[in-house]
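Welcome to this short tour. Open your viewer, get your selection tool ready, and follow along one stop at a time.

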Amino acid sequence: MINVLIDEFTPCLKDSRTGELVQTEVIRIKRKSFLKKYNKKNGWYTNWESLADENEIYALAAEGSVDIQGLVAVTRNDDMQAICSQSPPKNL
C-alpha cells in the first residue's frame with residue numbers, strides 16, 4: 001500500500017459544482033479481472049488489464065466511493081533503487 005496522503009501534496013480532486021476539495025484514498029488493485037473495464041474502448045488511455053502483468057496498479061477514488069478517478073502503474077526497479085510509474089491521463 002502506498003503510504004502517502006495525496007491531498008497534502010496538491011489538491012487532487014475538486015468537486016466541479018461546488019469547488020470544494022474532495023478527500024481521496026489510494027487503493028491497490030490486486031485482481032486483474034477488475035481492470036477489464038478500464039480500456040481504450042471505455043475512454044481510458046490504455047488497457048489497464050495488460051499493465052497488471054508486470055506492474056502494481058493503484059487507483060485514486062473519492063473517499064467512500066468505488067468510482068475510480070485515476071489509475072497509476074508502478075514497477076520496482078531494484079537496479080536503480082527506484083519505483084517507476086506510468087499514469088496515462090483518462091480521455092475526458
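Before we select anything, one term: a residue is buried when its relative accessible area is under 20%, exposed when it is over 50%, and partly exposed in between. Keep in mind, too, that this is a predicted model.

Start with the whole chain in cartoon view. Of the 92 residues, 27% are buried.

Next, select Asp-15 and Arg-17. Their side chains meet in a salt bridge, 3.7 Å from N to O. Asp-15 has 23% relative accessibility, so this residue counts as partly exposed. Arg-17, at 75%, is exposed.

Now select Glu-56 and Arg-28, whose side chains form a salt bridge at 3.9 Å, N to O. This pair links distant parts of the chain: Glu-56 sits in strand 4 and Arg-28 in strand 3, 28 residues apart. Arg-28 is partly exposed, with a relative accessible area of 34%.

Move on to Asp-53 and Lys-32. Here the closest N and O atoms of the salt bridge are 2.7 Å apart. Asp-53 lies in the loop between helix 2 and strand 4, while Lys-32 lies in the loop between strand 3 and helix 2. Asp-53 is exposed at 53%, and Lys-32 is partly exposed at 33%.

For the last stop, select Asn-39, in the loop between strand 3 and helix 2. Is Asn-39 buried or exposed? Its relative accessible area is 13%, so Asn-39 is buried. Look for its side chain reaching the backbone nitrogen of Lys-41 at 2.9 Å, then show its contacts, among them Trp-44 and Thr-46.

Terms used
Residues numbered from 1 in each chain as written. Predicted model: local features only at pLDDT ≥ 70, side-chain atom pairs only at ≥ 80, totals over all residues. Heavy atoms only, no water. Helix = DSSP H or I, 4+ residues; strand = E, 2+ residues; numbered from the N terminus. Buried < 20%, exposed > 50% of the residue type's maximum accessible area, 1.4 Å probe, protein only. Polar contact = N/O pair within 3.5 Å; in protein donor to acceptor, adjacent residues only side chain to side chain. Contact = heavy atoms within 4.5 Å. Salt bridge = Lys/Arg side-chain N within 4 Å of Asp/Glu carboxyl O. Lists of a residue's contacts leave out its neighbours within four places in sequence.
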